[in-house]
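Have a look at the structure first.

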Amino acid sequence: QYPHDQVSLYRYGKDQANATWKPDQDRKMTKTIGVIAMSLLCSLVAVQLIVPVSAAGDEAALLAFKAQLSHGDSLASWNTSASFCSWEGVTCHRRPARVVALRLNGTGIAGALSPAIGNLTFLRMLDLSFNSLHGDIPASLGRLRRLRSLHLYDNSFSGTLPANLSSCVSMIDMRLDNNTIGGYIPTELGEKLTYLARITLRNNTFTGTIPSSLANLSHLQSLDLSTNQLVGSIPPALGSIQSMRYFNLARNNISGMLPPSLYNWSSLEFLYVGFNMLYGSIPDNIGNKFPKMKALSLSSNNFIGVLPSSLSNMSDLTILDLWKNKFRGYVPPTLGRHGALQQLTLVDNKLEADDNKGWEFITSLANCSQLERLELGINSFRG
C-alpha cells in the first residue's frame with residue numbers, strides 16, 4: 001500500500017526516511033519501491049499515449065471545422081504537412097500541444113460552424129468575428145469549459161442561443177452582436193457564468209424579458225442588449241451589480257420605470273435606454289449618483305418632470321440626449337460649466353425660456369469648446 005497523490009507520496013517517503021529502521025522492513029521497502037517504479041513507468045507510458053491522441057483530436061477538429069467552410073486562401077496553411085500549431089490563426093499551448101486560441105476574425109471564411117469545434121477542449125479564445133458564418137451556434141460549444149472569450153459578432157448566425165453555453169464556466173467575454181439570433185435569452189447564463197464581465201447581444205432578434213438571473217453576475221461591467229425585441233421591465237435586482245460601467249437597452253420594447261436600484265451604479269459611465277416605453281422622472285440627485293457618467297441617453301420615451309440641476313455635476317458628461325420626451329421647465333443654467341459636452345439634444349420636449357429667464361444655459365455652453373451638436377427644436381423656447 002502506498003499513497004497515490006504527489007503530496008502524500010512525498011510525506012510517505014519522508015516518514016519512511018525518518019523512521020527507525022528495522023531489518024524486516026527491507027523486503028517491504030523493496031516491494032514498495034518496485035510498485036512505485038512500476039506505477040511511475042505506467043504513468044509515463046500513459047502520458048506518452050494520451051498526449052498524441054489528444055493532439056490528434058485537436059487536428060481532426062480543426063480539419064472538420066475547415067471542411068464546412070469556403071475560405072479562399074485564408075486557410076491555405078491548414079494542411080497536414082505542417083503542425084496544426086503553425087496554421088493561420090491557431091495558437092497552441094507548448095506542452096502538451098493543445099489549441100488554446102483560434103483567431104480567424106475578418107478572414108473571409110463563410111459557411112456553417114462545425115460542431116467539431118466543441119472538441120477543442122483546451123480552447124480559451126474563439127474569435128470568428130467579421131466573417132460570413134451562418135446557421136445555428138452549435139450546442140457543442142458548451143463543452144469548452146476553459147473558454148474565456150467568445151467572439152462571433154458580425155456574422156449571420158441564426159436560431160437560438162444554446163442554453164448549455166452556460167457550461168462554459170470560465171467565460172469572461174461574450175460578444176454575439178450583429179447576427180440574427182432569436183428566442184429568449186437563456187436564464188442559465190446568469191446562473192452559471194459568474195465570471196462574465198461583458199455580454200453583447202446587440203442587433204439580433206431576441207424576444208422575451210431580460211432574465212433577472214443576470215443579477216448574479218457580480219463581475220459584469222458591460223451589458224448591451226440593444227436593438228432587439230425585448231419586452232417587460234428592467235429587473236430591479238440588476239442594481240446589485242456594483243461593477244457596471246456600460247448599460248445599453250436602446251431600441252427594444254422595454255416598459256416601466258428605471259428601477260431606483262440602478263442609481264446605485266456609482267461607476268456607471270454609459271447609460272443608453274432610448275427608444276423604449278419607459279416613463280417616470282429623473283431623480284434630483286442624479287448627478288451625485290452618477291459622478292463618472294460620460295453619455296446619458298433617455299431619448300424617445302415618456303419621461304416627465306424637470307431637468308435636475310445636479311446634471312451639472314457630471315463633470316465628464318459628453319453626450320446628453322433627452323430627445324422626444326415630456327420634460328418641462330427650464331434647462332439647468334450651469335449645464336455646460338465643466339466644458340466636456342459634445343452633444344446636447346433636447347428636441348421635442350416642453351422646455352421653456354424667454355427674454356426674462358431660461359437662456360442662461362446657453363451662456364454656460366460657451367465653456368464647451370468641443371460642442372458639435374446642439375438641438376433645441378420643438379420646445380417652448382421664446383425670445
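Which residues have the most contacts inside the largest nonpolar core? Keep in mind that this is a predicted model. The answer is Phe 65, Leu 102 and Phe 247, and the core they belong to has 91 residues. Several elements give two or more residues to this core, among them α2 (25-67), β3 (98-103) and α5 (360-365). The most comes from α2, with three residues. As a bit of background, nonpolar side chains tend to be buried together in soluble globular proteins.

Now zoom in on Phe 65. Setting aside neighbours within four places in sequence, Phe 65 is in contact with Trp 78, Leu 102, Leu 104, Ile 109, Leu 113, Ser 114, Ile 117 and Leu 128.

Next stop: Asn 248, which you'll find in strand β15 (residues 246-248). Is Asn 248 buried or exposed? Its relative accessible area is 8%, under the 20% cut-off, so Asn 248 counts as buried. The side chain of Asn 248 makes a polar contact of 3.2 Å with the side chain of Tyr 246. Beyond the neighbours within four places in sequence, Asn 248 is in contact with Leu 223, Asp 224, Leu 225, Ser 226 and Tyr 272.

On to the charged pairs.

| Salt bridge | N to O distance |
|---|---|
| Arg 198 and Asp 173 | 2.7 Å |
| Asp 177 and Arg 202 | 3.0 Å |
| Glu 375 and Arg 373 | 3.6 Å |

Take Arg 198 and Asp 173. Arg 198 lies in strand β11 (residues 198-200) and Asp 173 in strand β9 (residues 173-175), so this pair ties together parts 25 residues apart in sequence. Arg 198 is partly exposed at 29% relative accessibility, whereas Asp 173 is buried at 11%.

The pair of Asp 177 and Arg 202 also links distant parts of the chain, 25 residues apart. Asp 177 sits in the loop between β9 and β10 (182-184), and Arg 202 in the loop between β11 and β12 (205-207). Asp 177 is buried, with a relative accessible area of 0%, while Arg 202 is partly exposed at 26%.

In the pair of Glu 375 and Arg 373, Glu 375 is partly exposed at 29% relative accessibility, and Arg 373 is partly exposed at 41%. Elsewhere, salt bridges that share partners join Arg 175, Asp 177, Arg 202 and Asp 224 into one network.

How values were computed
Residues numbered from 1 in each chain as written. Predicted model: local features only at pLDDT ≥ 70, side-chain atom pairs only at ≥ 80, totals over all residues. Heavy atoms only, no water. Core = buried A, V, L, I, M, F, W, Y, C linked by side-chain atoms within 4.5 Å. Buried < 20%, exposed > 50% of the residue type's maximum accessible area, 1.4 Å probe, protein only. Helix = DSSP H or I, 4+ residues; strand = E, 2+ residues; numbered from the N terminus. Contact = heavy atoms within 4.5 Å. Polar contact = N/O pair within 3.5 Å; in protein donor to acceptor, adjacent residues only side chain to side chain. Salt bridge = Lys/Arg side-chain N within 4 Å of Asp/Glu carboxyl O.
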